[in-house]
Amino acid sequence: MTNLNSKINFYKDTIENIFKGINFYKKNNILNNNEYYNCIENLENILKNINNISEENIINDMQNINNSLSTVIKNYGVYDFDYLLKIC
């Protein structure tokens with residue numbers, strides 16, 4: 001269970017880093033309002049998925065979360081490049 005908890009914490013840290021990145025990109029007019037709000041909506045959905053991981057489908061749920069984070073990073077970026085390397 002500790003490995004699962006550390007992975008969940010890593011995913012949450014990744015979401016925080018993406019959020020930091022999109023705020024930076026928005027402030028510097030790299031992202032427009034529509035992209036910004038779409039990204040936030042995607043991050044909220046991923047957080048819901050993290051909070052609703054089922055014990056029966058832990059592996060599938062974790063893989064889906066990883067895939068979703070990868071897609072968000074590819075579409076909107078991330079502040080710290082290390083998260084890109086670890087997720088993708």
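Modeller: Helix 2 has 19 residues and spans 27 Å from its first C-alpha to its last, close to the 27 Å expected at 1.5 Å a residue (the expected span is 1.5 Å times one less than the number of residues). Helices here are DSSP runs of H or I with at least four residues, numbered from the N terminus. This is a predicted model, where local features need pLDDT of at least 70 and side-chain atom pairs count only at pLDDT 80 or more, while totals for chains, interfaces and linings use all residues. Residues are numbered from 1 along each chain as its sequence is written, and side-chain values use heavy atoms, leaving out hydrogens and water.

Now for the two faces. Tyr36, Cys39, Ile40, Leu43, Ile46 and Ile50 of helix 2 are buried, that is, under 20% relative accessible area with a 1.4 Å probe, protein chains only. They cover an arc of only 125 degrees around the axis, which puts them on the same side of helix 2; the arc is taken from the directions from the helix axis to the C-beta atoms. The face turned away from this buried side carries Asn34, Tyr37 and Lys48, which are exposed (over 50%).

What do the buried residues of helix 2 pack against? Their partners are helix 1 and helix 3 (58-76), with contact meaning heavy atoms within 4.5 Å. The axes of helix 1 (residues 2-27) and helix 2 (residues 33-51) come within 11 Å and cross at roughly 170 degrees. The two helices are therefore roughly antiparallel to each other, a label for angles over 145 degrees.

Methods. Axes fitted to C-alpha atoms, helices over the stretch in contact; angles between N-to-C directions. Parallel < 35°, antiparallel > 145°, perpendicular 65-115°, else oblique.
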